[in-house]
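Trainee: I would like to learn how to read a few features of a protein model. Please take them one at a time.

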Amino acid sequence: MVPADAMEPTAPVLPRTGWTVSASDEETASENGRAANVLDGSNSTIWHSKWSGTATPLPHSITIDMHRTAVVSALVYQPRTDNANGRVGSYTIQLSANGTSWGAAVASGTLGDDAAAKTLSFAAQGARHVRLTATSEAGNRGPWSSAAEINLLGDPGSPASVVDLARTGWTASASDEETSSATDRAANVLDGDADTIWHSRYSGTPQPLPHSITIDMKSARDVSALSYQPRKSGANGRVGAYTVTTSTDGTTFGAPVASGTWKDDDTVKGATFSRTVSARYVRLTATTEAGGRGPWSSAAEIRLSGPANPATSGSWGRVTGFPLVPVATALLPNNKLLAWSAYGIDRFGGSNGFTQTAIMDLGTGAVTQRRVDNTKHDMFCPGIAVLKDGRVLVTGGSNAERASIYDPATDSWSSTTDMNIARGYQAMTLLSNGDAFVLGGSWSGNPSAGKDGEVWSPTTGGWRKLSGVPATTTMTGDPRGPYRADNHQWLHATSNGRVLHLGPSKQMNWISTQGNGSIAAAGNRADSPDAMNGNAVAYDIGKLLTLGGATAYEDTTATRRAYTVDLSAGGQPRATRTGDMDYARSFSNSVVMPDGKVAVFGGQSYPVPFSDATSALTPEIWDPATGRFTRMASMPVPRNYHSVANLLPDGRIFSGGGGLCGDCATNHADGAIFTPPYLLNADGTERKRPVVTGTVPSRVRHGATVPVTTDSAVTRFALVRAGAATHSTDNDQRRVPLTFTRDSATSYTLTIPSDPGVALPGSYLLFALDAAGTPSKARMITVN
């Protein structure tokens, strides 16, 4: 079931009253293809580029003038419905304040060749003019572009490149507050406790609307956005219509920097300012109660955000559109990213025997689309393992018994032997000997059949059942039983074909894959409860970090907790609670970086599939040296259920996807690349990074020594295994710091671990890091 809020856009549709539109060219001789048709409310009239006589060549652009500055976060493109010609393929979107000066593209990408409306998202910001430029026709039928309707979405409350401002020392005052019947003072919005609230005065004669609450930051700060958390204890007082104003002296407040109307629900709301302002005081004024229940206003917490310092908070690139929702991704050894959805580009269902795929060229940013039919496999909700030669093994899902292999060397898909047990939502990992292990997966196939372990051999292409590895001992206590309890397991392969199962159940287990296999309890994950839809990542040899999750698959509160699991002592793993995340997360994705830190993206504090409610829009980075998380620049698009994240060869991180719910508003057929702080100066320019020079072998054996030269002195080397992500899990990624000797100022000899349980066979990114922790661009090598 798709929740009701998934059918509503996360940002309001902006009213088009008074708007005008112009185009680079339009057809007026042989048809009424004027640009104005995209604003007339009818899908039967279109804008079309000039085609009569000599057709105007691509690119073609169409520009909306709103005749006022508004916060805008997406363009909704409705292709023509009467004919395929002119459907936009590749595109860019630019913004302008004056219609003359246009910045770099805020979004770009490639659209599918179909008639469905496309929501093209970008970081929310103030603008007057929005330009869509088509650089190709989706079906390559000719040099044409067209559109039936264009809409713009307003403020979703999630601007990019801002960070929460520390509230230490701040005070809050209000136009009125309830102190007689409750202690609902203004100060409660700054105490970090969502159970305490500010409420307008209601005892005796209630104070009428409007009500205002003013934050005094005690000194002038640059402010870009406000977030408002409604009370949890009841609906009364939820703010409906609002304005936000600012002041430098607490007396004179200027024109509103944000205004709008918030929905009548308990999710955290945002207000993106039309421009960054320098102010000491920020005032939120409520002019209506969201549900019209009475003359009240209330708030649990109020936070303010300011522009991010790239050197401490990182930065986001433009949003890249995909021709499908990237539900699963795998990093390939040829500097490309493989992505796929299901039989449909934006929906799933049934067992259709084909899959929509896409490949992003990380060098050019170009995205290409392909439907894969030859394997007779709908690969939605699969298990994934990157094999020792860089091929990608995909199992189960909608066609629950099938297994397919993608070979990046030949850009081809092929089938391998069906699994013995039909599954979906299963866990997979490569083993130290190059075989692939799979466990669980009751979402697809018969849940009562028992989704016990089995192993695939690259030598025979066949599967071997492990009768000694039942899934029952690895399940959570989910109230829906095996259907949910054995989903998305966290597996970490070690020496001699052994695997540590370390979640999401609170009990961990050691698994042997020799013979018929065996499984033995390995203790609980410290004081952690079950953590379904959390994840785990290996940040060092024998050391893992687990993050977030919830006690059930959905409709329960997620956790902020994180734990380290240490295998270095031998025997039983040692689990320890580390610092908590600032945000509770379920359906998030985590990525290990070459310096050993771990970045976590997206997720919800109250997990609901296909919903963007309760989204955590602020990524965080965990530092193993301190055990603490640091907030990063906020994300331009929510990333929840069916989202992914992957470390890239240049040290940046791809974060994308979410949705796949058909005709809903929470499909996110796009992604964006995050640049971590270790690559940036305070002004946003890229730091000078070390460069690995000379020849590095493309394939090395375990235990081998590898000579490497760099252009400047470095202090560390690390391998990070190419990852494959889906449904919050990526059992393939792991970081392996390398021992080395320094032969000269810029010459080194690296030692590859001799144990394939430490460095699993397969494709790795080799990074060199300087004394400041800045990584080189990686060289891709195969360890086998």
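Mentor: Start with the strand labels: helices (H or I, at least four residues) and strands (E, at least two) are DSSP runs, numbered from the N terminus. This is a predicted model, where local features need pLDDT of at least 70 and side-chain atom pairs count only at pLDDT 80 or more, while totals for chains, interfaces and linings use all residues. Residues are numbered from 1 along each chain as its sequence is written, and side-chain values use heavy atoms, with hydrogens and water left out.

Trainee: Where is Ser 586 placed?

Mentor: Ser 586 is in the loop between strand S39 (574-577) and strand S40 (589-592).

Trainee: Is Ser 586 buried or exposed?

Mentor: Buried means under 20% relative accessible area, exposed over 50%, and partly exposed in between, with a 1.4 Å probe and protein chains only. Ser 586 has a relative accessible area of 0%, so it is buried.

Trainee: Which residues is Ser 586 in contact with, leaving aside its neighbours within four places in sequence?

Mentor: Contact means heavy atoms within 4.5 Å. On that basis, and leaving aside neighbours within four places in sequence, Ser 586 touches Met 532, Asn 533, Gly 549, Ala 550, Ala 558, Gly 603, Gln 604 and Pro 607. A polar contact is a pair of N or O atoms within 3.5 Å; within protein, one must be able to donate a hydrogen and the other to accept it, and residues adjacent in sequence count only if both atoms are side-chain atoms. A polar atom of the Ser 586 side chain is 3.4 Å from the backbone oxygen of Met 532.

Trainee: How many aromatic pairs does a search of the whole structure find?

Mentor: Rings of Phe, Tyr and Trp (its six-membered ring) pair if their centres lie within 6.5 Å; planes under 30 degrees apart count as stacked, over 60 as edge-to-face and the rest as tilted. The search of the whole structure gives 22 aromatic pairs. In one of them, the ring centres of Phe 348 and Phe 610 are 6.1 Å apart with the planes at 20°, so this pair is stacked. Phe 348 is in the loop between strand S21 (336-340) and strand S22 (355-361), and Phe 610 in the loop between strand S41 (598-601) and strand S42 (620-623), so the pair ties together parts 262 residues apart in sequence. Phe 348 is partly exposed at 32% relative accessibility, whereas Phe 610 is buried at 8%. Phe 380 and Trp 443 form an edge-to-face pair, 5.7 Å centre to centre with 75° between the planes.

Trainee: Which residues do ring pairs link into a cluster?

Mentor: The cluster holds Phe 348, Phe 380, Tyr 425, Trp 443, Tyr 553, Phe 587, Phe 610 and Tyr 641.

Trainee: In what order do the strands of the open sheet run?

Mentor: Strands of a sheet pair through backbone hydrogen bonds, either parallel or antiparallel. Two strands pair if DSSP finds at least two bridges between them. Here 5 strands form an open sheet with mixed pairing, in the order S48-S56-S55-S50-S52. Strand S48 (699-700) and strand S52 (735-737) are the edge strands, each pairing on one side only. Strand S50 (residues 716-721) and S52 run antiparallel and are joined by 3 bridges.
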